[in-house]
Amino acid sequence: MKKLIIMGTLILSASLYATNHIIPAATQSMKELQKEKNTIYQFKVTDLNGKEFDFASLKGKKVLIVNTASECGLTPQYRQLQSLYNEFEDKNFVIVGFPANNFGAQEPGSDAEIATFCEQNYGVTFPMMSKISVKGKDMAPIYEFLTKKSLNGVTDSEVEWNFQKYLIDESGHLVKVISPRTLPDAAEIKDWIKS
């Protein structure tokens, strides 16, 4: 009988220890995982050259994500985007472009054609990704994240047109959605980068 009581006490003690030490640790790592799910760091995409681009490599940087098109009235924004990148790339800032053909079929080219266009016409050196869809049933996962509050934890939005901008902070969280018509060198964008 004494052996049963001692064994029962040991089992109860072990159970209490697990409840107080192991489970909180597991809960903590679950919180960390959930926190990571609300960042862009969970995404890996393909760039215009067919290479993997891991958003986790941007930790600690402010990021402007923009959907682009080569045959749009807003296409000259490439020039301001490149100028902004030149000004702030050494200050933990990066621009990531996603060509998309969702609006007026204004990005019909292949990845190779888009790369040539960007380089020859605007001298683009900021990271440009492979062409994707930014709305509709075939929306790319990263844009599902950017446009759904249930995924980004901040706001719901819809990509209105080419050159809509998403501002991401140094921790990978969505901060703000900027209209396609707002120029990349607008004060609200520059002030955010500097802040």
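Phe 53, Phe 55, Phe 98, Tyr 143 and Tyr 166 form one aromatic cluster in this predicted model. Rings of Phe, Tyr and Trp (its six-membered ring) are taken as a pair if their centres lie within 6.5 Å, with planes under 30 degrees apart classed as stacked, over 60 as edge-to-face and the rest as tilted. The structure holds 12 such aromatic pairs. One of them joins Tyr 143 to Tyr 166 in an edge-to-face arrangement, at 6.0 Å centre to centre and with 90° between the planes. This pair links distant parts of the chain, since Tyr 143 belongs to helix α4 and Tyr 166 to strand β5, 23 residues apart. Helices (H or I, at least four residues) and strands (E, at least two) are DSSP runs numbered from the N terminus. Tyr 143 and Tyr 166 are both buried, where buried means under 20% relative accessible area, exposed over 50% and partly exposed in between (1.4 Å probe, protein chains only).

Residues are numbered from 1 along each chain as its sequence is written. Local features need pLDDT of at least 70 and side-chain atom pairs count only at pLDDT 80 or more, while totals for chains, interfaces and linings use all residues; side-chain values use heavy atoms, with hydrogens and water left out.

The protein chain contains six helices and six strands, which run α-β-β-β-α-β-α-α-α-β-β-α from the N terminus on. Of its 195 residues, 41% count as buried. Contact means heavy atoms within 4.5 Å. Among contacts with a separation of 6 or more, 65% are between residues 24 or more positions apart.

The largest nonpolar core has 50 residues. A nonpolar core is defined as a set of buried Ala, Val, Leu, Ile, Met, Phe, Trp, Tyr and Cys residues joined through side-chain atoms within 4.5 Å. Phe 55, Leu 64, Ile 65, Ile 95, Val 96, Phe 98 and Tyr 143 touch the most other members. Two or more residues each are contributed by β3 (62-68), α2 (77-88), β4 (93-99), α3 (111-122), α4 (141-147), β5 (165-168), β6 (174-178) and α6 (187-194). When residues up to four places away in sequence are not counted, Ile 95 touches Leu 64, Val 66, Leu 81, Leu 84, Tyr 85, Phe 126 and Pro 127.

Four strands make up an open sheet in the order β4-β3-β5-β6, with mixed pairing; two strands pair if DSSP finds at least two bridges between them. Because β4 and β6 stand at the edges, each with a single partner strand, one side of each is left without a neighbour in the sheet. Neighbouring strands are turned by 20° against each other on average, direction ignored. Axes are lines fitted to C-alpha atoms, for helices over the stretch in contact, and angles run from 0 to 180 degrees between N-to-C directions.

β3 and β4 run parallel and are joined by seven bridges, with Val 94 of β4 as the bridge partner of Val 63. Seven of the seven residues of β3 are buried. Lys 62, Leu 64, Val 66 and Thr 68 point one way from this strand, and Val 63, Ile 65 and Asn 67 point the other way. Lys 62 also lies over the face of Trp 192, at 5.0 Å from the ring centre; this assignment requires NZ of Lys or CZ of Arg within 6 Å of the ring centre and within 35 degrees of the ring normal.

β5 and β6 run antiparallel and are joined by four bridges. Ile 168 has Leu 174 in β6 as its bridge partner, and Tyr 166 stands opposite Val 177 in β6. The two strands, β5 and β6, form a hairpin with five residues between them, and Gly 172 in the turn has a positive phi of about 85°.

Leu 48 is placed in the loop between β1 (44-46) and β2 (52-54) and is buried, with a relative accessible area of 11%. Leu 48 and Ser 130 are 82 residues apart in sequence and 4.5 Å apart in space, C-alpha to C-alpha. Not counting residues up to four places away in sequence, the residues touched by Leu 48 are Pro 99, Asp 111, Ile 114, Ala 115, Met 128, Met 129 and Ser 130.

Gln 80, found in helix α2, is partly exposed, with a relative accessible area of 23%.
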